[in-house]
Structure formats: C-alpha cells, structure tokens
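Me: I'm new to this one. Can you walk me through it?

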Amino acid sequence: RSVYDGEEHGRFMEKLEARIRNHDREIEKMCNFHYQGFVDSITELLKVRGEAQKLKNQVTDTNRKLQNEGKELIIAMEELKQCRLQQRNISATVDKLTLCLPVLEMYSKLREQMKSKRHYPALKTLEHLEHTYLPQVSHYRFCKIMVDNIPKLREEIKEVSMSDLKDFLESIRKHSDKIGETAMKQAQQQRNLDNIVSQHPRISGGKKSKKEVCASSDLEVKNTSPMSEQDSGILDVEDEDEDEEVPGAQDLVDFSPVYRCLHIYSVLDARETFENYYRKQRRKQARLVLQPPSNMHETLDGYRKYFNQIVGFFVVEDHILHTTQGLVNRAYIDELWEMALSKTIAALRTHSSYCSDPSLVLDLKNLIVLFADTLQGYGFPVNQLFDMLLEIQDQYSETLLKKWSGVFRNILDSDNYSPIPVTNEEVYKKIVGQFPFQDAELEKQPFPKKFPFSEFVPKVYNQIKEFIYACLKFSEDLHLSSTEVDDMIRKSTNLLLTRTLSNCLQNVIKRKNVGLTELVQIIINTTHLEKSCKFLEEFITNITNVLPETVHTTKLYGTTTFKDARHAAEEEIYTNLNQKIDQFLQLADYDWMAMEPGSKASDYLVDLIGFLRSTFAVFTHLPGDVDVHSTMSGKVAQTACMSACKHLSTSLMQLLLEAEVRQLTLGALQQFNLDVEECER
C-alpha cells in the first residue's frame, strides 16, 4: 500500500526486476548442477510410459474378458435375487395362510355343525373362533365378514335350539299320558312287590326299591352329554306283559333338547330368559292337563287318562328338578302341585258326583289311591287326596245303598212269604250255612220239614254281608286304622238297615192287597233277622279285628229296624182287620122303627164273626218252632183279637149314636142286643 500510495513505484519495479534476475541466475545455477539427473529421470520416465502403456493394454484386455465372463453371473444373480424375493413372499404367504386356515376350517366346521343341528358344539366352536382365531387375522376382509356374521349365527343357534325345545315341549304334552301310565305301572308293581315282601319277608333281596330305580335312571340321564346329537322325542315302548319289567318313566323321554337349550342359553348369558320361558310354557301345559274332559265321569278310562297326564307332567318336572341346576326349583314345583291338587280335587268332586255305579266308584277309588301312591313316591304330598277319598266314600255308600235298595226290593217282591220247605239234609245244611239258625226241635223232626221263615231271610242276611264286604273293599289302601274301618263299616251298615232295608220292608207292608198270611210271615221273618244281628256284629268284628267292647265302637241298629218293621206289620194287621170290620158294618141295615126283633143275629154280623174265626185260624195254624208259634203268633193274635173287638164295640156304639137315628123302638133295640150277645158269645 505504501508503494502504491507513494510515488516510488518505478523504483520499486526496478528493484523487483533486479530481484527476479537474481533468482533466475540462481535457478540456472541449480539446473546446471542437476541436469544429468534430470536427463536420467526423463529417460526413466519414458521407459515407465512404455511399461504403463503395456499395463494399460493388459488391464483393458482383462477387463473386457472379465466383463464378458461376468454377464452370465449377473444374469444368475438377478435370477437368484428374484428367487429370494419369491421365497420371502411364499414364506410370508405360508405364515399368513397358517393363521388363516384354522379360521376357515373352524368356520367350515361351524357351518357343518349348524347344518347337522349340533348346536351346542357349534356354539363352542363359535366361541373358539371369536376369541382365539379371529383376533390373529382380524385385518383381513373375510375375517371382518365373519365377525359381522357371529351375532347372526348366535341368534340363529338360539332360535333353532328354542325351536327344538318347543318340539320337545309339544312332544312331552302329547306323550304325558304314556309317561304317566308307565309311572303308575311302576308304582303298581312296587306296591305289589311290597305286598309280597310283607307276606314273605325273606324274598326281599331280589328287587330294587323305587328310590334305587329312580336314582339309577337319573344317573343314566346325567351321564348323557348335553352335546348329544339326538333330537327331542319320546322313545317308543311296546306294551309289556305284566310279568315283564316296566321301563322307568325317565327311560321313555329324551331330555337332551332341554339340557342342550339350557347350556346354550347359559353360554349366551340368557339363562334367566330360558328359565322364564320354560316355566311359563309348562304352567300353560299344566292348566291344559288339569282341565278334565266333560265326559270323564262316564268311564274309568276317562279318569285313568286324566290321571296319567297329570302324573306324566309331574314325573317330567321332578326329573328336570333333579337333573338340572335351577331350571326349576322346589318352590316352583310346590306351587304347581298346589294348583294341580286343588284343580284335581275339584274336578273329582264334580265328576264323581255324577257316578251312580258303585263298582265304578270303587274302581275310581283304587285309581285315585294308585295316583296318590305314584306321586307320593316322587315326594309330592297327597294327604288332601286321601281326605277327599273319605268324601267319595260317603258317596260310595250312597250308591251302594241305592243298589242294595233295588236288590232288597227284588228279594222282597220275588218272595212267596211262606216257610221254606226242606226235603233232605243237604238242603237243610245249605240254608243253615247261609243263615245262622239253630233249633233243636226242628232238627229232630223228620224230613220233609219247614223252616219258620221264608226265603227272603237268608237272602237278605247274605246281602247285608255282601254290603259289608263292599264297604270293606273301599277302605283298603286308604291308610285307615282298624278302628276307623270298623266305624265306617258299622255306620254304612246302620244306614243300610235303618234306611234302605227299613224302607223296603215298610213298602212291602204298606202296599195294597197285602195278605194277612204275608204280614204274619213278615213278622216271623223280621224276628229271625233281629236275632241274627249279633252274628252280623261278630262278622264285622272278625273282618276288622276291632272288638265290640272297644270305646267309641258304633253299635248296629238292626234290632231297632226289625222291631219297627215288625210293629208296622202288626199295625197293618190290626188296620186291615178293622177295615174289613168296617166293610161288614157297611152292610148293617137296622130298621130302628121295627116293632118286633128278629129271631137271630143279623146276617152281616154272622158273616163278620165267620170271617174273624177263619182269620184267627191263620195264626193258630202257622208253621214253625214252638217259640215262634207260641210267642209271636199268639201275641199278635191276642192283640189283633183285642183290637178287633174294641173296634167292633166302638163301631156298634157309633151306629146307635148316629145323628141320623132320631128315634128307635124297643124291637130294634132288642135286635141290636141280640147282635151284641152274639159278639159276646
């Protein structure tokens, strides 16, 4: 800057030029000193250039050869690269397919299970698919479609399983009759077995008890998997002979649809919905089952079918109670049973009241007892049924009384009211075997001889015994004590004697045109029947094993019945005699103004006395033992005579005192006096 700023740059340039020349001289000196070395180096360089050119040619040649040789390798390497890429793609694809294939297989399996109606396994498959497999491949489109379908499939399984349940319920409703019939057969067999065991205690080892039978059948059903592929239905069972073992009621029913549906709804968290639906439907079915047919009372089969359906219903419910956890509970069963009990009892009260045939009532009682025993075997309380049977017993007694009323009427109408003739020992023993009669005098008499009573005595006595047997039949299996049975039989027999037989005897005594001989024979007959009452007491004691001395034992009123009948017959005799006397007195034709009396008693009075004489001869000549002849006939004859005389005396006095008789003559009075004297004589 100082050079350029000053004015001495010319000088500076000169100095600089001088400096350059100095340096050139030094360079020249230096070059001259090293020249030979420089020449040698140039020579060496020229040699190197030739060698370098050769090397270049060799490298170029080698490169060309290498390039030619490397083309195939590059192609192979490109191919290898592509193969490696494909291999990686294939490996990735296999990995993805390994994840996807189980999903597709499970879905295919699910569809197959749905198609073959294996809904519970299908639901399990659906669960695995949803929670295990689909999350691993959730980004694929087909998986999204599957995920969207899962709720629909669940709903479909739900609907189909509910449809199976409906089919099962419908099938159960239709086959309740068969199930109940089988259960009642089982109960009957068990009861027969119990009776045999009670008679022969040593034979008790061979059969299972009912509890054991039920337990074993329950076990079999429990071992059945809910995944069973069988659908609902009642298994066909051929009618077995009585000797063959009846299958258990549970053996007739395939409960797997209920179990399947219950499991399915439990898995779907809809168990409560299922329980409510099941109970509601079964309640409806219960009401249908408990509705008796209008003509049920006409035949025993009507009652049997009604009971079979009820038993079938509760056998199924009891089995469901013991083989499922909470589908039905004891409170629900008890509520249903209470409803069933009240409706059944009401229906039986109504329909049994229409029944007038005692044999049908007895069969109905046996059926009710079997019905009660069957359900008692399943743990249902049946005391109310036995209480109702005591009501039906009163009705049974009434139907028996009506039936025996007809029997007694026929016996009394067909009787000839004459002593039974006996021609030989065989006939004599036969009648004595039918009626408790002993008379030493009659036994000593030679054949032919006559019993004092007519045929209706042994017939009526035997019919009273038949009636007692009929009453006893009803009391069987009612779980009554001997005293209660004895009391029931005695009360019914008393009704038979005091009402039915008494009315029949009264009707015979009071009917028109009954003869004096018949009335006397009725008196004798009722006397013998009265004596036989103590034998009837013994007969009842023998069949009930309750001694008559026992406190509260009802006594038979037979004595009173036959006494009343006898008194009625006696009164009828007296009344008939008085009526005959009145008929004769109507023929009396006194001339109260006659001046002279007749020479003899009036004709009507002579005829009347003749009639009375022949009438009392009937009493005198009555056959039979001495006691009956002397006591009964004699007493009745005396009373009849007194009654007739008193009535005649009063009637004759009335003739004199009649208002129409305004005056009378001495002659008329003398004639009247003749008649009175004839009566005295």
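**First look**

Me: OK. How many helices and strands does the protein have?
Reply: There are 21 helices and 4 strands.

Me: What percentage of the residues is buried?
Reply: Buried residues make up 41% of the 681 in the protein.

Me: And the contacts? What share comes from residues 24 or more positions apart?
Reply: They account for 79%, counting contacts in the protein with a separation of 6 or more.

Me: Switching to confidence. What is the mean pLDDT?
Reply: The mean is 80. A value of 70 or more is reached by 89% of the residues.

Me: Where is confidence lowest, and where is it highest?
Reply: It is lowest in helix α5, residues 210-222, with a mean of 40. It is highest in helix α14, residues 456-475, at 89.

Me: Which stretches have pLDDT below 50?
Reply: Residues 201-243 are below 50. That stretch still has 67 contacts in the model beyond near neighbours in sequence. Residues 623-630 are below 50 too. They have 16 such contacts. Where pLDDT is low, the predicted coordinates should not be read in detail.

Me: Noted. Now helix α8: what length should it span?
Reply: Helix α8 covers residues 300-323, which is 24 residues.

Me: Is α8 enclosed or open to the outside?
Reply: Largely enclosed by the rest of the structure, because 19 of its 24 residues are buried.

Me: What about S176: buried or exposed?
Reply: S176 is buried, because its relative accessible area is 1%, under the 20% cut-off. S176 sits in helix α4, residues 141-199.

Me: Which residues does S176 touch?
Reply: N308, Q309, G312 and F313, leaving out residues up to four places away in sequence.

Me: Now the surface. Which residues form a nonpolar patch?
Reply: Y35, F38, I42, L45 and L46 do. Together they have about 530 Å² of accessible area.

Me: Where does Y35 lie, and is Y35 buried or exposed?
Reply: Y35 lies in helix α2, residues 9-115. Y35 is exposed, because its relative accessible area is 53%, over the 50% cut-off.

Terms used. Residues numbered from 1 in each chain as written. Predicted model: local features only at pLDDT ≥ 70, side-chain atom pairs only at ≥ 80, totals over all residues. Heavy atoms only, no water. pLDDT = per-residue confidence, 0-100. Helix = DSSP H or I, 4+ residues; strand = E, 2+ residues; numbered from the N terminus. Contact = heavy atoms within 4.5 Å. Patch = residues over 30% accessible without salt bridge, like charges linked within 9 Å, V, L, I, M, F, W, Y side chains within 5 Å. Areas by Shrake-Rupley, 256 points an atom, 1.4 Å probe, with all protein chains shown as cover. Salt bridge = Lys/Arg side-chain N within 4 Å of Asp/Glu carboxyl O. Buried < 20%, exposed > 50% of the residue type's maximum accessible area, 1.4 Å probe, protein only. Expected span 1.5 Å × (residues − 1).
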